[in-house]
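Morning, everyone. Please have the sequence and the structure open. I'll go through strands, then domains, then a helix pair.

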Amino acid sequence: MTQATSSHRSPVTGTAVASKRRRLFLLDLYSTAVGKKYVMAITGIALMGFVLTHMIGNLKMYLGASELNHYARFLEELFYPIAPHGVALWILRGGLLAMLVLHLHAAYSLTVLNRRARPVKYQSARDFQIATFASRTMRWSGMIALAFITWHLLDLTFGVVNENVGAKDAEGLKDVYGNVVFSLQRVPVAIFYVIANVLLGIHLFHGAWSIFQSLGWNNPRFNKLRRSFATAFAAIIVIGNVSFPVAVLAGVVGN
Amino acid sequence: MSNKIKNLTLKIWRQLGPTTKGSFETYKVAEISDEASFLEMLDYLNERLISEGKTAIVFDHDCREGICGTCSLMINGQAHGPQQGGATCQLHMRKFSDGDNIVIEPFRAAAFPIVRDLMVDRSKFDRIIESGGFITAPTGGAPDGNLIAIPKPVSDAAMDSAQCIGCGACVAACPNGAASLFTAAKVAHLNRLPQGQPERFKRVESMVETMDLYFGSCTNHGECQGACPKEISVDVIALLNKDYRKAKFASRKDLAR
């Protein structure tokens with residue numbers, strides 16, 4: 001049943017009905033904490049989709065330099081000739097950046113709201129019952145992952161801290177494989193890579209579960225699977241991503 | 001069962017008023033029976049303080065049988081103390097051991113200002129209820145019992161959330177000071193029943209927006225569920241989120257008319 005408050009008829013009495021000025025639907029939703037959690041969840045799904053695709057794509061490095069470099073070429077040529085060279089990829093990157101910015105803005109404004117909700121902290125130690133390490137460190141794991149993304153882009157996309165970026169392979173393609181090997185052979189970089197991905201996994205462990213609550217996807221039939229899904233998703237991402245620096249340092253990739 | 005006697009050290013938050021600075025004070029209590037309730041232990045301490053000419057410790061309490069939602073207290077970092085599914089008044093001293101240190105602090109949230117010592121003002125919950133936690137039933141003659149047929153699973157689910165006694169432990173336990181579990185329980189109670197349907201979306205919209213004025217946001221820690229004396233599940237928060245989204249779509253449709 002829906003609300004029966006509005007009708008096509010004017011009010012029975014002659015009383016004027018003040019029309020409440022409404023904001024645009026999405027802005028109206030975003031103005032509340034519940035709406036912001038919807039934004040967190042939806043952008044989270046988009047970012048999870050990216051992280052998974054990115055990890056699967058990188059598995060190509062186990063098939064050799066040519067395979068990975070052709071895959072990189074394929075991404076640049078996505079939807080060619082409908083879209084000019086690289087355009088589809090830049091549209092995807094733009095969408096991804098928008099998702100990241102919205103995720104950060106929602107997280108920031110909710111954090112401000114939450115700090116205001118308890119200006120005086122508990123003066124004795126809390127004894128948490130259900131909150132996990134992951135749920136309580138979302139801000140930190142998220143911020144360190146963000147710092148890693150910045151480094152990662154400077155390293156492998158823009159080549160600011162990677163001398164190999166710009167080199168071509170034997171087939172005249174961009175030497176993405178060589179860039180990865182050059183980057184991860186530096187031990188401090190590899191260590192940062194591993195730490196950031198473990199933290200990303202911890203972030204996903206809570207985030208991938210939270211999505212269901214925030215979007216109101218609750219059904220006794222599948223509620224128990226939500227935790228398993230989040231654990232499996234986080235584990236797959238961490239195992240896949242951490243394998244790359246380990247493989248490069250072990251010499252499995254790069255020789 | 002033997003009636004054991006305990007000696008305890010209590011660290012209790014003392015604060016004269018909402019704006020004054022408070023601090024912990026340490027009290028020793030001796031010969032506390034296992035069978036005493038936590039509040040009786042505080043009564044015992046208060047009687048001693050009064051007889052010594054000191055001011056008694058102020059704390060909230062009323063029915064002392066776990067149904068009114070008046071008692072509160074953060075005991076050793078847990079709302080309503082170290083027990084599941086019960087309010088502070090239902091906490092007994094057998095949960096503690098001889099020689100224990102017990103830290104007692106008031107519930108802390110911007111929306112729950114301290115009145116004095118351990119007593120807090122939880123009237124912001126009333127603001128949320130006023131904005132939609134009711135049904136506008138006709139107040140003529142009382143309708144016949146069972147006039148509206150309600151499927152058993154529906155009434156059970158509604159009853160689960162209707163158990164909320166509004167004690168505020170969810171807010172106190174939440175690291176964000178959010179009232180999502182309270183609001184969601186009240187919304188779920190009425191939105192699951194046929195009597196609540198006519199105002200279903202208006203209710204969730206205004207209750208969520210009132211909640212936003214005073215409380216933090218849910219980040220799905222689940223601490224509220226652990227602290228709730230009625231063990232209300234965070235599942236009701238998912239229902240709140242779903243109904244809020246639907247309400248926003250519904251009100252957009254209304255505008256288009």
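Two strands pair if DSSP finds at least two bridges between them. Strands (E, at least two residues) and helices (H or I, at least four) are DSSP runs, numbered from the N terminus. This is a predicted model: local features need pLDDT of at least 70, side-chain atom pairs count only at pLDDT 80 or more, and totals for chains, interfaces and linings use all residues. Residues are numbered from 1 along each chain as its sequence is written, with chains lettered from A and ligands numbered from 1 in the order in which they are written.

Chain B, strand β1, residues 5-14. Strand β2 of chain B, residues 23-33, runs antiparallel to β1(B), with 9 bridges joining them. Ile5(B) sits opposite Ser33(B) in β2(B). β1(B) also pairs with strand β5, residues 101-105, of chain B; that pairing is parallel, with 4 bridges. There, Ile12(B) faces Ile104(B).

Now the domains. An automatic or database assignment sets the bounds. In chain B, domain 1 covers 5-116 and domain 2 covers 122-256. Their centres, over C-alpha atoms, are 30 Å apart. Domain 1 of chain B gives 19 residues to the contact and domain 2 of chain B gives 16 (C-beta atoms, placed from the backbone, within 7 Å).

Last, chain A. Which helix does α2(A) meet? Residues of α2(A), including Val39(A) and Phe50(A), meet residues of α4(A), among them Leu96(A) and Leu113(A). The axes of α2 (33-58) and α4 (87-117) of chain A come within 9 Å and cross at roughly 145°. Axes are lines fitted to C-alpha atoms, for helices over the stretch in contact, with angles from 0 to 180 degrees between N-to-C directions.

How values were computed:
Contact = placed C-beta atoms within 7 Å.
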